Amino acid sequence: MSLVFPRPNTNAIHGKKDKRLMAEVNASPLKHFVTAKKKINGIFEQLGAYIKESSSFLEDTHKNDELDPVTTEEQVQEVRGYLSKVAGIGEVLARRHMKVVFFGRTSNGKSSVINAMLCDKVLPSGIGHTTNCFLRVEGTDGNEAFLLTEGSEERKSIKTVNQLAHALHQDEDLDAGSLVCVMWPKAKCALLRDDLVLVDSPGIDVTTELDSWIDKFCLDADVFVLVANSESTLMQTEKSFFHKVNERLSSPNIFILNNRWDASASEPEYMEEVRRQHMDRCSSFLVEELGVVDRAQASDRIFFVSAKEVLQARVQKAQGMPEAGGALAEGFQARMFEFQNFERRFEECISQSAVKTKFEQHTVRAKQISEALRLIMDSVHIAAQEQRIHCLETREDRQDRMEFIDKQLDLLTMDCKAKIKKITEEVERQVSNAMAEEIRRLHVLVDDFHLDFHPSQVVLKVYKNELHRHIEEGLGKNMSERCSTAITAALQTTQTQMIEGLKPLLPGPVREQVDKLVPRQCFSLSYDLACDKLCSDFQEDIGFHFSLGWTMLVNRFLGPKNTRRALMGYNDQVPRPMALTPVSTSMPPFPQSSMTQEELMVSMVTGLASLTSRTSMGIIVVGGVIWKAVGWRLIALSVGLYGLLYVYERLTWTTRAKERAFKRQFVDYASEKLQLIVSYTGSNCSHQVQQELAGAFSQLCQQVDVTRQNLEDEITDMNNKIELLDTLQSKAKLLRNKAGWLDSELNMFTQQYLHQGR
């Protein structure tokens, strides 16, 4: 079997609490001040926490270097000042209490009235006891009563009224302007539990220092009670004092108690007349002379009581005896009701007055602070919002800029590739044509070479090296004169076009310095012909050869190469002798010839030569045939001329002739070799131009990449700023709403406690 407990109704519980609280307030008007004090203290605690949170938020925001300023140093200092002000106000509110000050001439019963209100004999009173200084009666949470004198924190313990009176009279340092705090346990007096402080004073007829009394004890008082003697009329001393109070305070709350009204019981026939006279005089004093109330309100400020009777009755009731027991004058119940009516009016007045005087100014100040903070947070919210919009626009602009750069860079890359391809093809064509022309004019360059020539191998080797150097320098110079100027101009034009095309993609400051960032170096083509390696296998033939000899005739018929093959007995199986100097591997391979008609003729002549050389019979037969045909004289003449020509050629075959033959052979050989590298040299030069332009374009692209990276960094910064501003904006909005909530709480407090009586 399970037990089911009903779920409590929380609304009903809260409703009961509210009703109980209202019941307490209705039961005792002083509770109005207590609840108001608790409420305003709670609001100020929340306000202090809110200001602390706002101050920390503003300081962190102001110190944030990642953001543009959204707060000012003045705002930070202003909120920091509010924090100390609210803390000070909170401390003041925690000490606030309702204060009533009793004044009157000596022995008018001020202490008795206070004792009657406290329902206990707290202050010395009666015959032989007069108050010689200001006594402040305040509640304490402890169980022991004690005294505190001015300028001292020593607690003087007291247990009875007689001890209090004795302590007051024993202290010689006390004068009429001194203050003694009587700390009485709250458990003994219900009135002291509601933050009420009662101040008893010496008679106003014993001193002339009334102004100092007012400054010292009256400026923070909520209610003044003038205790008069009903057996006499209001004295000028009493009136003068309250005139001074009225001058220093704006519309003070004043009650007039005509004490010792029990004496009128002995003359009942004059009681009403005397009461009317006192009422008229007191009303005129409050309404006409002081102007603190109007006629309708005056009757609620003037009472006729007997404090001694009320005190005696309440002490008896506390001891368990009947209130009306003992020797009490006739009409006690009426006087008792009058005193209770005074207490009710007094509590209502002091509660409303204290709430207004103690809390209204601070409430207004709190509303001003909350409104100022709301405006500050609103300005921070607006500034963050404006900065966020600016960051969004900046981010969008950077994204558009980066997209534009990407598209334009792709287009420019394609365009530059096309331009580079075009100029490299043109360079290759120009260099190839120029080199072919220079090869045709190679004999001129070789003829310009002058160096001592000798057929010895050592001198020939030096001669060849110098000739190689001369040809390489000469060809390079001539080709540079033919091509370099035009190629350099075309290259610089293309570089300029690339720079101008990429300039719009760069930021303004970089555009002005792009020429420095991408320096236009003086470009020159390198014609690396490597003549020494190219002609390393050149074999000169500077031996004497008779022009009409068998070898020279075959040479004219077949050419030098095929003549050598024919005379040596052509055989495909026998390899050609290797060059003394190895050929460079960088040179392109020479094409191998196949069996042609020329080689066929070489074979035929070789066969014929072999046939005629095998036997002398062939010579005799041929000689006999010629002899028979032309005769011996012609043969002799021919042989003589042939011999003379041989002798002449042999005699003119000098070193000079050998050099000319060497140069002629070298020109033929070098021309053939150089023809093989024409296309290679053109490609090499075009590759140099391509590398130069590609390098320049790469440097420009690097600057574009730097610009693009800067844009990406800016976009990342903008994203971080936007995220930070979103957080800041949300926080500022939250704090602004908190200020609005605190303002509504203060308005509710004002409506509930400060305007309740209006």
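Strands here are DSSP runs of E of at least two residues, and helices are H or I runs of at least four, numbered from the N terminus. This is a predicted model: local features need pLDDT of at least 70, side-chain atom pairs count only at pLDDT 80 or more, and totals for chains, interfaces and linings use all residues. Residues are numbered from 1 along each chain as its sequence is written, and side-chain values use heavy atoms, without hydrogens and water.

**Strand β5 and its partners**
- Leu179, Cys181, Met183 and Pro185 point one way from β5. Val180, Val182 and Trp184 point the other way, and all are buried.
- Strand β2 (residues 134–140) pairs with β5 in the parallel sense over 7 bridges; pairing takes at least two DSSP bridges. Glu138 stands opposite Met183 in β5.
- Strand β3 (residues 145–149) runs antiparallel to β5, over 4 bridges. Leu147 stands opposite Val182 in β5.

**Second largest pocket**
- The second largest pocket has a volume of about 810 Å³. A pocket is an open set of points on a 1 Å grid over the protein atoms alone, where a 1.4 Å probe fits, with protein on both sides within 12 Å along at least five of seven lines. Volume is the space filled by probe spheres set on the points, which are joined across faces, edges and corners.
- Of its 31 lining residues, the closest to the centre are Asn253, Arg301, Cys349, Gln352 and Ser353. Lining residues have an atom within 4 Å of a point.
- Helix α11 (332–440) and α23 (678–754) each supply at least two lining residues. α11 gives the most, with 8 residues.

Terms used: Buried < 20%, exposed > 50% of the residue type's maximum accessible area, 1.4 Å probe, protein only.
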